[in-house]
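Here is a short briefing for a reader new to this structure. It covers a pair of strands and then a charged patch on a helix.

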Amino acid sequence: MAEYKDREHYIPLRKSDLVDLLCADKHLAADAREPFRQFCRLVGATFHFEYQTQLEELKDDYAAFDPDSETKPLHPVQADAKPKLLERLFLAFDALMEVGNFQRYNEDAINKVVAAGATMSGLRTDVDPHVFEHIHLFVRGDGHATYYRRRWSKLWFREEVSVPIYHRLAVICKLRKHRRLGKEVDTDKVYLKIFKDIPKHELEMLLPGARVRLSRLDQGLIVYPLITGFALLLYNIGYDIWDAGVGVIAGYFTLKLATLSMAGAFGGYGYKSYHSYQVKKQDYNLRLARSLYFQNLDSNGGVLTCLMDEAEEQECRETFLAYFCLRYFAPPQGWTGEQLDDYVELYLESAVGLKVDFEIGDALAKLERLRIVERDANFFRAVPLDKALEILDEKWDTYFMYHNDAVKRAAGD
């Protein structure tokens with residue numbers, strides 16, 4: 001079983017597109033295509049029911065911390081119960097992100113992001129870690145995006161820059177009262193955000209409490225010329241006062257002109273540096289606003305629904321592929337997990353050009369839980385399609401016990 005450090009578990013295919021792809025495969029007989037679609041519908045319905053239950057539980061945990069809630073709780077959570085509920089919420093969110101094939105940034109990685117603080121425009125940002133009481137940051141999908149910038153070294157001509165990005169960035173955080181946060185921010189709540197296509201070196205600009213800060217060079221380019229110009233101006237004024245008391249000195253007008261010119265030059269350079277900084281700051285704020293508007297996928301409670309839907313689809317994709325390859329390509333004795341893993345990866349690469357690191361452990365666990373695979377020592381065999389449909393239909397019926405109880409009562413009568 002090959003392991004790839006440069007590949008991800010996530011399969012970037014729509015569930016319906018994958019079903020169409022498998023049904024069009026020549027190894028699936030024409031009369032088996034509709035039954036296989038029914039198989040996929042039953043698997044999807046099963047996972048949807050299970051994930052809907054998980055979503056409701058997660059929404060219940062989040063209700064006490066949702067800043068967008070419009071509902072009135074009949075039984076408000078007591079203050080002493082909130083820490084335990086908060087811990088459970090973060091653990092449940094972490095588990096959801098793992099199913100969705102997100103990678104969590106550990107505390108050291110977050111600190112590196114906070115410490116880096118340089119945006120693509122060269123402007124530095126500053127994030128105070130004391131803003132956060134708890135923060136978990138997750139990413140998924142490596143890629144590149146094209147950005148445009150202008151630099152004086154290139155005579156201000158616009159140039160294309162290929163920037164490494166994360167296709168998805170998700171954040172869950174609990175804030176504490178801090179001077180960088182406005183009074184309108186409720187620090188008793190938990191905030192969720194999910195973004196798309198975020199440059200890797202600009203993650204910190206999307207964190208709460210981030211602000212623009214001057215580098216020492218920028219500070220020097222602004223402050224030192226202004227101080228020098230101001231000092232020369234004071235010198236010139238002092239010289240005027242001294243000259244008024246002493247008398248005319250040779251070269252007075254020449255010296256006066258020189259000092260005023262130098263003061264103006266230094267002051268003008270300082271103002272130019274300050275103006276350049278303001279332009280960079282406006283560019284930063286513009287890109288931040290654009291990121292929040294165009295790259296923000298969802299916020300708070302909507303994030304839970306979005307991520308749960310993605311996790312559900314990923315479960316379906318893994319199950320469809322594992323069953324299909326095991327049923328229609330494996331020899332009669334079946335395959336080991338390693339053999340199935342390698343074949344699914346080869347199938348995706350040859351069929352649609354996708355290079356993924358298939359999560360065989362999770363896929364086989366789902367097939368066994370659904371009872372649509374048989375195991376003999378280390379070998380796995382998929383049950384026939386018609387039997388798989390019967391098993392899944394029976395499993396679906398057991399989710400709602402009222403009908404079964406009614407049948408039993410009627411038989412007893």
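Strand β9 (residues 379-382) has a covered face made of Phe380 and Ala382, and an uncovered face made of Phe379 and Arg381. In a regular strand the side chains alternate between the two faces of the sheet. The model is predicted: local features need pLDDT of at least 70 and side-chain atom pairs count only at pLDDT 80 or more, while totals for chains, interfaces and linings use all residues. Residues are numbered from 1 along each chain as its sequence is written, and side-chain values use heavy atoms, with hydrogens and water left out.

**Strand pairing**
- Strand β8 (residues 373-376) runs antiparallel to β9, and 4 bridges join them; two strands pair if DSSP finds at least two bridges between them.
- Val373 stands opposite Ala382 in β9.
- β8 and β9 form a hairpin with 2 residues between them. Ala377, in the turn, has a positive phi of about 60°.

**Charged patch**
- Asp386, Glu390, Asp393, Glu394 and Asp397 form a negative surface patch; patches take residues with over 30% relative accessible area and no salt bridge, with like charges joined within 9 Å. A salt bridge is a side-chain nitrogen of Lys or Arg within 4 Å of a carboxyl oxygen of Asp or Glu.
- Asp393 is found in helix α10 (residues 385-398), where Glu390 also lies. Helices are DSSP runs (H or I) of at least four residues, and strands (E) of at least two.
- Glu390 is exposed at 57% relative accessibility, and Asp393 is partly exposed at 38%. Buried means under 20%, exposed over 50% and partly exposed in between (1.4 Å probe, protein chains only).
- Glu390 and Ile372 are 18 residues apart in sequence and 9.8 Å apart in space, C-alpha to C-alpha.

Conventions
Patch = residues over 30% accessible without salt bridge, like charges linked within 9 Å, V, L, I, M, F, W, Y side chains within 5 Å. Areas by Shrake-Rupley, 256 points an atom, 1.4 Å probe, with all protein chains shown as cover. Lys, Arg positive; Asp, Glu negative; His and termini not counted. Charge placed at Lys NZ, Arg CZ, Asp CG, Glu CD.
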